[in-house]
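Try each task before reading its solution.

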Amino acid sequence: MSWQVEVDGETCIGSGMCAAIAEEHFQLVDGVSRPLRTDIDPEDDVVDAAESCPVEAIRVRDAQSGRTLAPEP
């Protein structure tokens, strides 16, 4: 199983919550979050980061099914 991570740069407000929670997966570039890799192995920290984003700019999906894992709908 693998996951896909994406950040909507237009929605992101650069709060840095994701980078603080999952620093090995996110970084802030010019005030906007960017995933370090878009295809990852499952990691609870990435789900926590997506759930903690104040504007829900992060999406975590199952790479095979495309089902959204976080944030929860």
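**Exercise 1.** In which segment is E72 found?

Solution. This is a predicted model, where local features need pLDDT of at least 70, side-chain atom pairs count only at pLDDT 80 or more, and totals for chains, interfaces and linings use all residues. Residues are numbered from 1 along each chain as its sequence is written, and side-chain values use heavy atoms, leaving out hydrogens and water. Now find β6 (68-70): E72 sits in the segment after this strand. Strands here are DSSP runs of E with at least two residues, numbered from the N terminus.

**Exercise 2.** Is E72 buried or exposed?

Solution. Start from the cut-offs: buried is under 20% relative accessible area, exposed is over 50%, and partly exposed is in between (1.4 Å probe, protein chains only). E72 has a relative accessible area of 61%, so E72 is exposed.

**Exercise 3.** Which residue forms a salt bridge with R61?

Solution. Look for a side-chain nitrogen of Lys or Arg within 4 Å of a carboxyl oxygen of Asp or Glu. The partner of R61 is E6, with the closest N and O atoms 2.9 Å apart. R61 belongs to strand β5 (residues 58-62) and E6 to strand β1 (residues 3-7), so the pair ties together parts 55 residues apart in sequence. Both ends are partly exposed: R61 at 24% and E6 at 42% relative accessibility.

**Exercise 4.** In which sense do β2 and β3 pair?

Solution. Pairing requires that DSSP finds at least two bridges between two strands. Strand β2 (residues 26-29) and strand β3 (residues 32-35) have 4 bridges, in the antiparallel sense. V29 is opposite V32 in β3.
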